[in-house]
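Hello,

Here is the structure I said I would pass on. My notes on the chain contact and on one of the sheets follow below.

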Number of protein chains: 2
Amino acid sequence: MATIYDVSVLAGVSLATVSRVMNKNTKVSEKTEKKVLDAMEELGYRPNSIAQSLASNRSNSVGVLVSELHGPFYGAMMSGIEAELRTSKKHVIIAAGHSDEQSEKEGIEFLIDRRCDALILHVEAVSDEYLIKLSKGATPIVLINRYIPELKDSCIYLDNQLGGYLATKAMLDTGHKELAYISGPAWKVDTQARLAGHKQAIREAGLTYNPALVFEGDYLETGGSEGFNVLMQAKVNFTALICANDEMAAGAMDAARQMQVDIPSKVSIIGFDNIILANYIHPKLTTIDYPIGEMGHMAARWILKNTYQNKPLEIKNMFEPAVVHRDSISKI
Amino acid sequence: MATIYDVSVLAGVSLATVSRVMNKNTKVSEKTEKKVLDAMEELGYRPNSIAQSLASNRSNSVGVLVSELHGPFYGAMMSGIEAELRTSKKHVIIAAGHSDEQSEKEGIEFLIDRRCDALILHVEAVSDEYLIKLSKGATPIVLINRYIPELKDSCIYLDNQLGGYLATKAMLDTGHKELAYISGPAWKVDTQARLAGHKQAIREAGLTYNPALVFEGDYLETGGSEGFNVLMQAKVNFTALICANDEMAAGAMDAARQMQVDIPSKVSIIGFDNIILANYIHPKLTTIDYPIGEMGHMAARWILKNTYQNKPLEIKNMFEPAVVHRDSISKI
DNA sequence: TTGTATGCGTTATCAC
DNA sequence: GTGATAACGCATACAA
C-alpha cells in the first residue's frame, strides 16, 4: 500500500505538503496541489486512518453499546446512528452488553480502549454512579434511554412515565375502568417509569390502583402469554390490558386467542414501543410510539456537535411518546 | 492516560519488557512480570489499541457490511458475528450498503481504510467481477449469502434454490396443485435461485410452470399485499401461495384477511427466511428457515481461522434450509 | 531474560 | 507556501 511518503516522492514535494493537501487546513499553491493529487491518483493512495488516529489523537469513530444486536428496537436505533454519523465520515464500532453488568462494563472498556472519540450507551445494568464516574473520564458519553439528573445534558431519553400514562389514558378514555397491567422486570428503570405513569392515570381518573391486576413480565413474548393466563385465572375482572412492551402484548394476544378470548371485543390491549411487529399482528396493535430511530439520530448529532464541533445543531434531550391508534382497543 | 513508557519507569524496567508481559510471547521472569503488572495496576494502564495496530499492522477489527442495520435479518446476522468475534477479542466495525452499488463500494473502501483485518460482506449490488478483484487485494473477504464460483471457499451461503424447492414441495406434498408465487426483485440472485427451485419442484411433479401465477414483488410487506390482490384479480386459480420471503407473506396474509379469504383453509401460504415475525402473525407462518445467525457465526469463524489462525476450526460453506412447519398450510 | 534502537504512517510545530 | 523533524504509543529485530 502506498504511503504518504510514496506520494511525496512521486509528486516531488515534502511529506508535510502532502499532508496539507489532504487536510485542507493550510494554503497550498494550486499547482503543487495538483501535483500531489495526481500522484495520489496514480498510486491509488488511501490514507491509513490508524496512523492518522495515532498522530491526531482522533479516531473518528464512535462506540455504540447496545444490549443486543438483534431485535427490532436496537436495529432501528443503530440505523439512525449510523445514518447520521456516516454523512460526517465518522464510523461506528459496536459492542453488545446483554443487559448484564459485567458484560456492559467490558463492552465500555473495550470501546474506550479502541480510542473511540465518544460513546453512545444503551445500558441497563450498570449503576448511575458508574456512569457518572465514567462521564468524568476523557471519553464523552451520551446515554440513550436513560435519565440521570447529574448527566441530564447528555441523556437522550423517552418520557416513559408519560408513555405509561398515555397508554392507560387511552383505555380510560374509551370507557375502560377495569385495567390489568403486565410490566417489565421490576429492576429496570423504564419498567418503573411506565408503571408510575399507569398509576398516575388511574389516580387522576379517581380509580384505585389494584396490585392484583399487575403482573411482572420479562419484556418477552412468553412473559405476555404467561401474564395473560395468570390474570385470567386470578379472581379479577378486567376489560383492558396494558402491556409494557409490544412483545408481551403479542404474547398476551396469542394466549387470548388460545383461550378464545376475542381481542378487542372482550379484552382491549395496548402495547408499548411500536416495534415493526405491532403492525403485523392481528388485530393490528394499538401502541405507544417510541421514536428510537430518531433518538439514535439525535444521539449521533449530540456527538457531532459536542465532540466534533460540527455545526450549531439543535439537541433535543427528551422525546415524548404518542399513542398510535390501531385496532386492538374497542370502546366500552 | 498512562502509556507503556510510564509503566516501564514505575516498574523500573525497559519499555520492551512491558510490551513483553502484555503480549506473553517472550519469556519474562516471574518477579519482573509482577513488577510490571503491579505498575500497570497502579497506573490503571490500558494499552492504546490504535498504537498497537500501527506497530503490529493488525487492527484486530473486522469490518461488516450489511444492507441495512435494521430489520430482523441483519440483526440476527450481526449478532452471530459479534458473539463469535468477541470471544477472541476482535471487534466489529459496521457499515450499511443500502443495496446500492455506489454505497456498497463506499462502505467497503471505508472499512478497508480503517485497516480492518478482514471483511464480512453482505452485498447485493456490486458485481462478481468487482468482488473477485477485491479478493485479490490485501484484505481477506468473506461473502455472506452470495455464491461466486471463483471465490467459493470464502462464500458462506444458503442453498436458495433448495429453499425454493422445499417451499414448493411442501405445498405439493399436501396436495396443492395450483400454486401461485410472489418473488423478490428479479435482479437479485437469491430471487432467481428461489424461483428456480420453485420451477424445479413443479417440473418434477409433472406440472407445468405458468408465468401468469407469478408476481414480482419487492421483498416488502406492501409487495406481498399487492401481489395477492393482483393474483386474485387475475383470471387464475390457486390454492397455495409461495412467497419468497416472510414479509411478503405477511403482506399477502393481510390482503387475504381484507378480502375475507381465509388462511389456510382457502389459500395456504408459505414464507421464506423464518424471521421472528413469522412466529407472531396469525396463523403462525409455515416457512423456510434461513439460519442467518449461524451463518454469521460461521463467517466470523472463517476469519478467525484464516486471518487470525486461531484454531483448526471447521468451516461449512453451504447451509441447507429446512421447512418450519406451523399453521399456514392446510391439506387439500 | 532484558535492554536498545528503529520503524509503523500520520499530524503538527517549527523554521525558512 | 513549503520543508525538516519531532511526536503519537507500541512492537520487534538485534544486542547484550
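**Where the chains meet**

A:I93 stands opposite B:I93, which lies in strand 2 of chain B. Please keep in mind that this is a predicted model.

In general, the strands of a sheet pair through backbone hydrogen bonds, in either a parallel or an antiparallel way.

The contact as a whole draws on 37 residues of chain A and 37 residues of chain B. On the chain B side, the elements that give two or more residues are helix 4 (49-56), helix 5 (72-86), strand 2 (91-96), helix 6 (101-113) and helix 11 (246-258). By residue type, this side of chain B has 20 nonpolar, 10 polar and 7 charged residues.

**A sheet within chain A**

Chain A also has an open sheet of 4 strands in the order 7-6-8-9, with parallel pairing. Which strands are at its edges? They are strand 7 (214-216) and strand 9 (268-270) of chain A, each of which pairs on one side only. On average, neighbouring strands of this sheet are turned by 15 degrees against each other, direction ignored.

Strand 6 (residues 179-183) of chain A is linked to strand 7 of chain A by 3 bridges, and the two run parallel. Within this part of the sheet, A:Y181 has A:V214 in strand 7 of chain A as its bridge partner.

Regards

Definitions and conventions
Residues are numbered from 1 along each chain as its sequence is written. Chains are lettered from A and ligands numbered from 1 in the order in which they are written. This is a predicted model: local features need pLDDT of at least 70, side-chain atom pairs count only at pLDDT 80 or more; totals for chains, interfaces and linings use all residues. Two residues are in contact if their C-beta atoms, placed from the backbone, lie within 7 Å. Ala, Val, Leu, Ile, Met, Phe, Trp, Tyr, Cys and Pro count as nonpolar, Asp, Glu, Lys and Arg as charged, and the others, Gly among them, as polar. Two strands pair if DSSP finds at least two bridges between them. Axes are lines fitted to C-alpha atoms, for helices over the stretch in contact, and angles run from 0 to 180 degrees between N-to-C directions.
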